[in-house]
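Hi,

Here is the structure I promised to pass on to you.

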Amino acid sequence: MSKTAGNARRKFWFDPRFAIGLVLVVVAVGGVYLIVSAADRTTAVFTARSALAVGDRVEASDLVPTQVRLGGTGDLYVTPDRLPDGGLIVTRTIAAGELVPASAVGRATGTEVTSVVVELTSALAANIGPGSVVDVWSARKTDQSTFGPPTVLVDRAAVVRLVEPTGLVAGGGIRSVEILVPKGSVAAVLESIANRDAVAVVPVNEPLEK
């Protein structure tokens with residue numbers, strides 16, 4: 001065997017450490033690519049074209065599809081493939097341009113809530129307004145001037161609007177509210193109204209300061 005042939009064979013010597021390093025570089029590059037690809041993935045969700053009030057019926061024309069990065073929170077919002085043919089009913093106020101939360105709307109077909117105006121016998125909290133979620137409390141009237149212990153008549157009712165007083169009681173401030181209540185609770189609410197029970201609403205949520 002000549003010296004030249006021996007040198008040629010030594011040139012093809014392979015170092016395992018080089019192979020391991022090459023594999024690690026490939027894996028690192030692939031991992032970075034997957035992370036960047038996941039971060040760039042967007043989902044089409046609806047935003048409100050204009051402000052939506054409690055009780056509004058909305059359809060696709062009232063909403064704007066918007067591509068956003070939601071990660072694993074996509075199920076929390078209304079997407080085009082989750083919009084029913086009959087539209088949706090707003091159950092809490094949605095600001096213009098806000099992503100439409102799935103928890104803020106319900107199906108328009110077979111709506112399970114209806115609006116009722118209740119007259120209050122106590123002052124209305126300053127932080128209650130359209131879109132507020134309130135518990136409705138009622139104390140049953142037992143005779144002309146006495147009432148039983150208060151109990152929750154409806155929990156987590158949505159306020160549609162505050163009813164401005166008119167006529168002789170106009171100077172007394174807001175004393176009635178229109179609320180959305182489950183249809184199963186309507187009879188109890190109407191009975192309380194007819195009985196002239198003492199009714200009050202207590203806020204469940206309080207909006208963040210702007």
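Starting at the N terminus, the elements come in the order α-α-β-β-β-β-β-β-β-β-β-α-β. That gives three helices and 10 strands in the chain. Both kinds of element are DSSP runs, numbered from the N terminus: helices are H or I with at least four residues, strands are E with at least two.

Before you dig in, keep in mind that this is a predicted model: local features need pLDDT of at least 70, side-chain atom pairs count only at pLDDT 80 or more, and totals for chains, interfaces and linings use all residues. Residues are numbered from 1 along each chain as its sequence is written, and side-chain values use heavy atoms, with hydrogens and water left out.

**The whole chain**

Of the 210 residues in the chain, 30% are buried. Buried means under 20% relative accessible area, exposed means over 50%, and partly exposed is in between (1.4 Å probe, protein chains only). The chain exposes about 13,700 Å², with carbon and sulfur atoms supplying 59% of it. Those areas come from the Shrake-Rupley method with a 1.4 Å probe, and for residues only the protein chains shown count as cover. As for contacts (heavy atoms within 4.5 Å), take those with a separation of 6 or more: 63% of them are between residues 24 or more positions apart.

**The five-stranded sheet**

Now find the open sheet, where five strands line up as E6-E9-E8-E7-E10 with antiparallel pairing. Which strands stand at the edges? They are E6 (113-119) and E10 (198-203); each has a single partner strand, so one side of each has no neighbour in the sheet. On average, neighbouring strands here are turned by 45° against each other, direction ignored. Two strands pair if DSSP finds at least two bridges between them. In general, strands of a sheet pair through backbone hydrogen bonds, either parallel or antiparallel.

You can walk across the sheet pair by pair:
- E6 and E9 (residues 176-182) are joined by seven bridges, and Thr114 stands opposite Val181 in E9.
- E9 and E8 share five bridges; Ala158 has Leu180 in E9 as its bridge partner.
- E8 and E7 are also linked by five bridges, with Val134 partnered by Ala157 in E8.

Helix H3 (residues 186-194) lies across E6, E7 (133-139), E8 (151-163), E9 and E10, and runs at about 15° to E6. For that angle, axes are lines fitted to C-alpha atoms, for helices over the stretch in contact, and angles run from 0 to 180 degrees between N-to-C directions.

Arg161 sits in strand E8 and is partly exposed, at 39% relative accessible area. Beyond its neighbours within four places in sequence, Arg161 is in contact with Val117, Pro130, Val177 and Glu178. Gly131 is 30 residues from Arg161 in sequence, yet their C-alpha atoms are 8.0 Å apart in space.

Trp137, in strand E7, counts as partly exposed because its relative accessibility is 32%.

Is Thr47 buried or exposed? Thr47 belongs to strand E1 (residues 43-48) and counts as buried, with 8% relative accessibility. Leaving out neighbours within four places in sequence, the contacts of Thr47 include Asp62, Val64, Gly97 and Leu99.

Happy exploring!
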